[in-house]
Amino acid sequence: MASSSCLIPRTVILLVFIVGFLLPLQLQALKLPFSPRDMLPLLPRKVSWRILSSFENPANLLPAYVGAVSSPEKSVQWQGACFYQNTAWLEFHNKSGSEYGGGTLHIKVSNAHRLTCTDVYIFATPYRWTWDGYFLSREHTLEFDQWEGKEEFEYVKREGVSIFLMQAGVLKSLEALYSVLPLFANSEWGEQSNIKFLENEMSTTFKERPPPWSTSVNVDDINSGDFLALSKIRGPWGGFETLEKWVTGSFAGHSAVCLRDSEGNLWVAESGRGNGGMEGDIIDILAWDEWWDYELNKDPSNPHIALLPLHPDLRAKFNETAAWEYARSMVKKPYGYHNLIFSWIDTTHGNYPSPLDAHMVASAMTIWNQMQPTLATKLWNEALNIRLGTKGLELPEILVEVEKRGSSFGELLAIPEQDDWIYEDGKSASCVAFVLQIYKAAGLFGPLATSIQATEFTIKDAYNLNFYENNSSRLPKWCNGGDNVTLPYCQILGRYRMDLPGYNTIQPYQHMNERCPSLPTYFHPNNC
């Protein structure tokens with residue numbers, strides 16, 4: 001028996017089509033008192049989910065920073081998603097009779113563009129966050145009954161309460177949520193959602209290769225130092241990689257490197273093996289046959305894999321002994337979650353896709369810090385303390401300390417990560433930092449190695465290095481299988497052709513990738 005959600009009368013579907021698509025085309029010049037899309041949540045879930053996901057971009061889930069209020073004299077004005085005229089200010093009071101009192105945030109909203117819309121806001125200080133929504137044109141208030149001690153009181157007096165607008169409004173935020181959730185689904189629908197997101201946000205294309213979509217690899221043609229670029233487009237890791245690609249500009253989301261031992265056996269050194277959870281991912285070295293069998297037959301994320309052979313000149317320089325010594329020293333050590341976000345953020349403004357900015361990152365960290373304090377310490381608190389030269393400060397204390405020093409949170413995030421920083425759980429490395437550290441140990445960077453921080457590289461930065469084969473006639477004959485398009489590297493797995501813009505183009509230089517913007521087009525300026 002079919003489920004009830006599948007039994008949708010054709011008249012309902014026709015009505016949705018007329019109301020949701022044809023009617024707006026005819027009445028687009030009119031200011032309607034409601035939107036036809038306001039009715040979509042009333043439809044059965046399966047129908048509304050698919051229709052909603054077709055309207056908006058998942059990026060609409062991100063709130064936009066509109067300002068901070070600290071007194072009636074320091075009000076802010078902005079245009080909302082629903083109400084086009086908005087003003088907010090803050091008044092301190094001591095209704096609680098406590099030492100530092102509390103405050104009332106006033107927010108006056110008016111000039112709604114239709115009667116049924118609502119604006120939703122997030123309000124945050126380093127010590128708390130809350131949210132509220134406004135449906136009526138009038139002055140609203142939000143009470144802070146009591147500040148969390150002197151630190152929050154002093155901070156709000158100086159910096160104010162930050163206000164973030166869910167810029168797409170309630171319904172569009174739901175639409176965006178309906179679009180972003182499928183990114184993590186282990187299904188054909190999830191895969192297509194990832195493809196659609198990347199095509200829309202990164203202006204890339206997914207061109208299907210002729211089958212078979214795997215290559216009969218001859219391992220005799222693979223050498224130490226050959227780079228493996230992986231792109232996953234389905235399931236939890238597919239969704240995570242899609243968002244990683246979006247903020248960094250990388251067209252691959254994972255990496256590993258090949259190593260041959262003294263007996264000629266081929267291995268894959270990789271950071272990120274484990275059970276898929278943040279507590280379980282580790283650094284490991286696997287025999288090629290075991291690694292390839294998993295990716296070919298068992299990986300549920302539909303991996304696409306490109307092999308990037310080293311240039312012969314660099315292959316001759318590659319110090320296998322030193323590479324193995326470093327790689328073995330890292331086996332079973334944790335994945336580098338500590339420095340994950342810092343390889344992406346190099347500047348105060350040039351690395352955040354709209355509407356992301358340092359204000360929103362601080363707000364998101366504040367929320368996460370209250371929900372998952374242990375994980376927050378692993379992801380950023382300890383790294384931020386190292387940058388400040390402090391120890392043990394929690395996120396609220398870090399934000400206050402930054403403000404006291406006359407700096408900004410954006411400047412703190414942009415301080416380059418150092419390879420010799422060791423966190424409380426010992427040495428660690430992200431997937432690409434692990435590969436680049438092996439390259440450093442093997443001598444590929446030469447005298448520049450001491451001035452290059454592997455932890456500042458994204459996967460895009462790694463495959464942009466001019467370390468790889470530049471003569472297609474020297475690539476293995478099996479390189480791209482039966483594909484009718486010749487790539488400058490070997491795609492060995494995947495339904496869609498892997499495009500790696502900027503591949504093999506950038507000569508290493510001192511302090512490489514420490515001050516590189518990634519917007520608006522993911523272009524890499526010279527010597528940034």
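Visitor: How many salt bridges does a search of the whole structure find?
Guide: The search turns up 18 salt bridges. Keep in mind that this is a predicted model.

Visitor: Why is the pair of glutamate 208 and arginine 495 called a salt bridge?
Guide: The closest N and O atoms of glutamate 208 and arginine 495 are 3.2 Å apart. The cut-off is within 4 Å, between a side-chain nitrogen of Lys or Arg and a carboxyl oxygen of Asp or Glu, so the pair qualifies.

Visitor: Which parts does that pair tie together?
Guide: Glutamate 208 sits in the loop between α5 and β9, and arginine 495 in the segment after β14, so the bridge ties together parts that are 287 residues apart in sequence.

Visitor: What makes glutamate 208 partly exposed?
Guide: Its relative accessible area is 45%. Buried means under 20% and exposed means over 50%, so a value in between gets the label partly exposed. Arginine 495, at 24%, is partly exposed as well.

Visitor: How do you know that arginine 387 and glutamate 417 form a salt bridge?
Guide: Their closest N and O atoms are 2.7 Å apart, and the limit is within 4 Å, so they count. Arginine 387 lies in helix α11 and glutamate 417 in the loop between α13 and α14, so this pair joins parts 30 residues apart in sequence.

Visitor: Are arginine 387 and glutamate 417 buried or exposed?
Guide: Arginine 387 has a relative accessible area of 9%, and glutamate 417 has 1%. Under 20% means buried, so both labels follow.

Visitor: What makes lysine 440 and aspartate 419 a salt bridge?
Guide: Their side chains meet at 2.8 Å, N to O, and that passes the test of within 4 Å. Lysine 440 is in helix α14 and aspartate 419 in the loop between α13 and α14, so parts 21 residues apart in sequence are tied together.

Visitor: Which residues are linked in a network of salt bridges?
Guide: That network links Glu154, Lys157, Arg158 and Glu403.

Visitor: Which residues touch the most other members of the largest nonpolar core?
Guide: Those are Leu308, Leu384, Leu436, Ile438 and Tyr439, out of 90 residues in that core. Helix α14 supplies the largest share, eight residues.

Definitions and conventions. Residues are numbered from 1 along each chain as its sequence is written. This is a predicted model: local features need pLDDT of at least 70, side-chain atom pairs count only at pLDDT 80 or more; totals for chains, interfaces and linings use all residues. Side-chain values use heavy atoms; hydrogens and water are left out. Helices (H or I, at least four residues) and strands (E, at least two) are DSSP runs, numbered from the N terminus. Buried means under 20% relative accessible area, exposed over 50%, partly exposed in between (1.4 Å probe, protein chains only). A nonpolar core is a set of buried Ala, Val, Leu, Ile, Met, Phe, Trp, Tyr and Cys residues joined through side-chain atoms within 4.5 Å.
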